[in-house]
Amino acid sequence: MPIYRSHVLVCGGTGCASSGSNEVMDTFKEEISSLGLEEEVLVVPTGCHGMCEMGPIVVVYPEGTFYCRVTPEDVKEIAEEHLYKGRVVERLLYQAEEAPSIPNYKEIPFYGKQERVALSNCGYINPDNIEEYIARDGYAGLAKVLTEMKPEDVIEEIKTSGLRGRGGGGFPTGLKWSFCARAQGDLKYIICNADEGDPGAFMDRSILEGDPHTVLEGMLIGAYAMGASEGYIYCRAEYPLAIKRLKNAIKQAEEYGLMGEDIMGSGFSLHLHVKEGAGAFVCGEETALMASIEGRRGMPRPRPPFPANKGLWDKPTNINNVETWANVPHIIRRGGSWFASMGTEKSKGTKVFALTGKVNHTGLVEVPMGITLREIVFDIGGGILNGKKFKAVQIGGPSGGCLTEEHLDLPVSYESLAEVGAIMGSGGLVVMDEDNCMIDVAKFFLEFTQKESCGKCSPCREGTKQMLLLLNKISDGNGTMEDLQTLEDLARMVKDMSLCGLGQTAPNPILTTLRYFRDEYVAHIKDKKCFAGVCTKLVSYTIDPEKCKKCGLCAKNCPVNCISGDRQTPYFIDQEACIKCGNCYEKCPFGAIDKE
Amino acid sequence: MSEITLTIDGKECKGNAGDTILQVAQKHDIYIPTLCYLEGLSPMGSCRMCVVEVEGSNKLLTSCTTPAQDGMVVFSKTEKLFNYRKQILELLFAGRNHFCMFCSQSGDCELQRLAIEHGMDSVRYPYLYHDFDNDATSEHLQMDHNRCILCGRCIRVCAEKVGAHTLDLEQRGWNAKVISDLGEMLGNSETCVSCGACAQVCPTGTITLREFVYRGRRNDCDEVVESICPLCSMGCEIKGYVRTGSLARVEGSNLEGPDGGQLCHKGRWWLPESTERERVSVPMIREGSTFREASWEEALELAAGKLKAANSKGRAGAIVSGMSTDEELTMLNSVFKSSMNMEYMDCFSGNVLRGFKKGFKPFTEQGIRPFTAAHNILESDLVLTLEADPQEEAPVSASYVRVNTVRNGGKLANISTGGTPFKGITDVDLNIGSEDVLDLLTKLVEAVKTGKSETLENADAERLAIMLKDAEKPVIVLGGQLADDARKVTQAVNLAIVSGGTFDDGIATVPMVRSGNSLAALNTVVSDEPWVNEVDLDCLFVSSTGLVPETPESLEAMSMSRFCIIQTPYMVNPLVNMADVLLPAPAWYERSGHFCTLEGERRKINVLVPPKTELKGLSEIFGTITEKMGLPMNSSDVRPCENIYTSKVSPDKARTAVLEEV
Amino acid sequence: MANKIKNLSDLRKIKESCADLTSTRTTDNKTIVIGMGTCGIAAGAREIMNEVINELQKRGISDVAVQTTGCIGMCQREPLLDVIIPGKERITYGNVSKEDVQRIIAEHVVNGRIVQDLAIGRAD
């Protein structure tokens, strides 16, 4: 086997791919070839490194040099200078504001506080090559389980680790596995929920694209522990790359005898199928997901009975999220106690978060439980964009709640979040600054859940619609205090009475923003003002006659022709006629229009 | 079944393990509001009305789906729940167009009733009037989606009981709508069998029966009488809603039974219509081309005279309806057979019944009932339809076939001479010439018995033979057409026996015998040999219910006979025109008696509307006639249902019959 | 092409044979740095690098990183070769010839003994 002295890892995750990383990779291959380095330098496509804002990302080993925002035009320089002559290309290194550039992966603050367990292989290996996975101890967990451990032992190890469901529920995984293991039945199923539907969440996607084998290994270990022999990975169709990688990974695992009949001569068999979702957020709910696999309309059903006893095709079934499965091989290899050594008393291990919003460094991070929000937002995230003021963090996506400044030193864990009315959810973190309107944020999430409601139960189907209408009414400046009361009552009812998690958590953004930002609601209602300047109907635009250069661009772009003026007279907006679309504000090249 | 005890609203309640909280509550007359729940259908838990608080759980649980557990403490009427339910009701009223003022269901609507119960005097949400269409494309059913609360009852009954699965939801959330097939209007549906089950279960005025919608709401009716439908041998249990002497509406009853309280389109629409038709009210005697009214005395005197004269020469005959009751048939048998010793006695569908009677004989002689209760189709793992069209012949049995095939995972095979009764869900379909049926059946019997299928030249037939052999509980549906040759019937029963098709009550066949009491007629008034249109008769007595048009053969026989006494309730042509003496008869809803049904039970038909004029039943008429004829009215020694319904020998000991015996 | 993994030892064999696939991707290994500036290349650094790679391959050593670097100024001593062992001093060898490569790898990289007659500098 030829030894390459240098590996060039080009990120092939969806984020970087859409920024052109595939062209970058092709160009590298061309340049390396033309420099005669094909025998020495290996170009490797990898999964997501997490720092997606800086993509396309290229990491060169053995130095561990971290290049950001690489374009195909940059490749020639990297090849000649770094690969051939060994001189790092400074201008492409990671550079924080007014700070020296950092060449090495490990030293970048974004990565400094992270503890990558589920993501440990993402960015390091070629996800399409099972041998690279094996080289990094892949399938050693499975081998250990099949040769040294009984199913009960495996479940004990998971219980010791304290692993909790990473899809949002936070249910102790070991306990969940024991239910399914205990269930009577000749045929049992395991399912991986890869229907990641939270808008802006891409934790599962990165794991599936970057390290599909870790999920497969986790499922193999789980199937052995629970006595399952068939499994499904339900992956949303909007992730075609993940589906491709999964199918390829399953095929390779089967070729290597690590999946299928009589694995490693142990007598244990597992067959996995990939089932594509078809565009419904509600199919991320476990019973709706199972209905979808069965070919029926994806609608949830009441529980009991629980899937562990009566799940897919009425057989005992265990469903876990992608990230949960991804942690399992590590726990088996390094021990449950190792996993439990990280985190807090009741929330063990690490969690992957999708850090987005108004921070300097958006992307995917994996941190030990118990880390504070402050560390995530400011140390890892690099603080608020453009030096603005921190306002809130929305955690848990459309099912979650918001946390404010007073919670910045809260250690992130399931219990601590529940205490303040929020949930961990699947790990979406949206950071907001002073320019975000909390009513607008609640509206954004509610628009999503209202559209995705399956329609089966009345509270969710009708309630989300009416709640959204009320929010719109308030943000348009037509709300009354009575409306606020109606909204709150309705939100509580929908939360308590809905059939499934979608409806039960859809009111959370409303309830938490009401809890912590009630004064904003009141301002919208009583003062008819949106101080963040977001709710268009509550914003007024006026032209500063001093700054106006009379170019007339605003008037030309006004859809209702409410701006008057000419070459001699400063332009003037008729406030009565103004529909607050903001077009003039956007178009004015001189910043002569004030928005308040 | 182990017993459990729980507390509901402070009351101690006992139930069985496996009962839901709602079932236990209802057993103890504890009221919990429901909307989407309907007994007999699988619970959905979607309307959220039946939600209860359970001690120890911080989640609210739907009592219709949650299994009751020993020691549970349940609260169903807390203030919180009351307020939540009210909010949901208000949301429903605000969402679509629930304008009660011109809804035919107002006053009889479950949504309205719940709103009133919860003191809903206003709606705090803006009325959104989400605009849906009003589907009036079906001839009989109207679906106004603006009134729909998406309870899913119609979808469930159509899928779980009727098996057609015509209805389901399209789109999601706020835009979810009940559609037919893959997005069709109800009238354009290819799968809808127009049985009206959806209208029966709809709690609001969304799905209504167009003809009956303003005839009277359930609450307006004077009486609700339980009876059965006489039109076919299924004998479906019905509830007749009577209002001012008319049958305003007919619904299926016994929702927990195997058919889930469904009716077919004939039962749903023909029966109520029958109270509105023109009646024969007094006896009439023909004078030339018209009739004159006569007294009963005169009419019966004339009839008796003609019958006696014809009978003395052996030229009297009688054709009787298969929808007569057991009691009437027994009486007629005793009069015609034992008192009059009349040879020529038959039923309207005599040829079919004769074929079945002859074909079944080798097995009835073994003391074994040659058929099983129709609902056992639901227990089968393979159903074979033989020259049958169940949707036409006994429609609810077709529902059983559909449900068993589509939902229970049973297999379906068909042998027919033209067309497939269950398109799209049949696993093996053999369409052959009518002359080949007997041959194929014989070969199949051999193939299943020996395990060798070489004689079957057809790959599908071979597959069928294997399926029959492997089936644990096959059921064969015998179409009426099969009975045109009794040997085919015998061979079909043979096939059932060799395939292991027996149930506790009889051999696993279901004969499509049509008229409501054909099974009893088979035993009482069906002659051994056909004679209609083959003999020269001086006097023919015809008793018809007037519900089904007469066959050409029987009309021919009536016109050929020199004298015709016709007893019928309705002024139907051409029947009435054949009469020389026309006697009024009680209509089906004015009679009471028993029917032998395909469901394996003897069921009672009850008087729904008492007769308005003086009517004489068959017993009274023949009492007078026999008296006038000077004949004794002997009691019949034929007991129709007993004969038919008991296997004296266990069915699994049935022996196949050799064809020469027939 | 793929051999089915039938037991634990099969898995280990594959892991070992693939170890080099990913072993390069860590920064904690022992490192050999070869000067690849213009002077280095002119002095034959590329041949030295090939020799290093061949020697490592011959010996089946996969946990040693081979890096290149630019000109460090001691142009007259090119080809230059540094050996970095984590936790130890960084040793620079000068005027390295193809024959020296074998010695440096055998004695210093594998056994930890500095080849004194070739070393020209040390740094922490």
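This is a predicted model: local features need pLDDT of at least 70, side-chain atom pairs count only at pLDDT 80 or more; totals for chains, interfaces and linings use all residues.

Student: OK, which two chains have the most contacts with each other?

Tutor: Of the two pairs of chains that touch, chains A and C have the most contacts. Chain B and chain C, on the other hand, do not touch, and their nearest C-alpha atoms are 39 Å apart.

Student: How many helices and strands are in chain A?

Tutor: Chain A comes to 23 helices and 17 strands. Its radius of gyration is 26 Å, close to the 25 Å that the globule rule gives for 596 residues, so chain A is as compact as a globular protein of that length. If you follow the C-alpha trace of chain A along its principal axes, it spans about 85 × 65 × 40 Å.

Student: Let's zoom in on chain A then. At what angle do H10(A) and H11(A) cross?

Tutor: Helix H10 of chain A, residues 212-226, and helix H11 of chain A, residues 240-255, cross at roughly 55°, and their axes come within 9 Å. The crossing of H10(A) past H11(A) is right-handed.

Student: And which residues make that contact?

Tutor: From H10(A) the contact uses Pro212(A), His213(A) and Leu216(A), while H11(A) brings Arg245(A), Leu246(A), Ala249(A), Ile250(A), Gln252(A) and Ala253(A). Sorted by class, the contact of H10(A) with H11(A) has six nonpolar, two polar and one charged residues.

Student: What about H10(A) and H13(A), how far apart are their axes?

Tutor: The axes of H10(A) and helix H13 of chain A, residues 322-334, are 7 Å apart, and the two helices pack at an angle of about 75°. H10(A) and H13(A) are therefore roughly perpendicular to each other.

Student: Which residues of H10(A) meet H13(A)?

Tutor: Among them on the H10(A) side are Thr214(A), Val215(A), Met219(A) and Met226(A), and the residues they meet in H13(A) include Trp325(A), Pro329(A) and Ile332(A). By class, the contact of H10(A) with H13(A) has ten nonpolar, four polar and one charged residues.

Student: Switching to chain B: what is the strand order in the sheet with E12?

Tutor: That sheet of chain B is open, its three strands come in the order E11-E12-E13, and the pairing is antiparallel. Strand E11 (223-228) and strand E13 (246-252) of chain B are the edge strands, each pairing on one side only. On average, neighbouring strands of this sheet are turned by 30° against each other, direction ignored.

Student: How many bridges join E11(B) to E12(B)?

Tutor: Six bridges join E11(B) to strand E12 of chain B, residues 237-243, and the two run antiparallel. As one example to find on screen, Ile228(B) stands opposite Glu237(B) in E12(B).

Student: Which helix lies across E12 and E13 of chain B?

Tutor: That is helix H6 of chain B, residues 265-273, and it runs at about 165° to E13(B).

Student: Last one, chain C: which residue in the turn between E3(C) and E4(C) has a positive phi?

Tutor: That residue is Gly87(C), with a phi of about 95°, in the hairpin that E3(C) and E4(C) form with five residues between them. E3(C) and strand E4 of chain C, residues 90-93, are joined by four bridges and run antiparallel, with Val83(C) opposite Ile91(C). Strand E1 of chain C, residues 30-35, also pairs with strand E3 of chain C, residues 81-84, in the antiparallel sense over four bridges, and there Val33(C) has Asp82(C) as its bridge partner.

Conventions. Residues are numbered from 1 along each chain as its sequence is written. Chains are lettered from A and ligands numbered from 1 in the order in which they are written. Side-chain values use heavy atoms; hydrogens and water are left out. Two strands pair if DSSP finds at least two bridges between them. Axes are lines fitted to C-alpha atoms, for helices over the stretch in contact, and angles run from 0 to 180 degrees between N-to-C directions. Contact means heavy atoms within 4.5 Å. A crossing is left-handed if the near helix is turned anticlockwise from the far one by less than a right angle, and right-handed if clockwise. Ala, Val, Leu, Ile, Met, Phe, Trp, Tyr, Cys and Pro count as nonpolar, Asp, Glu, Lys and Arg as charged, and the others, Gly among them, as polar. The radius of gyration is taken over C-alpha atoms; the globule rule is 2.2 Å times the number of residues to the power 0.38. Angles under 35 degrees count as roughly parallel, over 145 as roughly antiparallel, 65 to 115 as roughly perpendicular and the rest as oblique.
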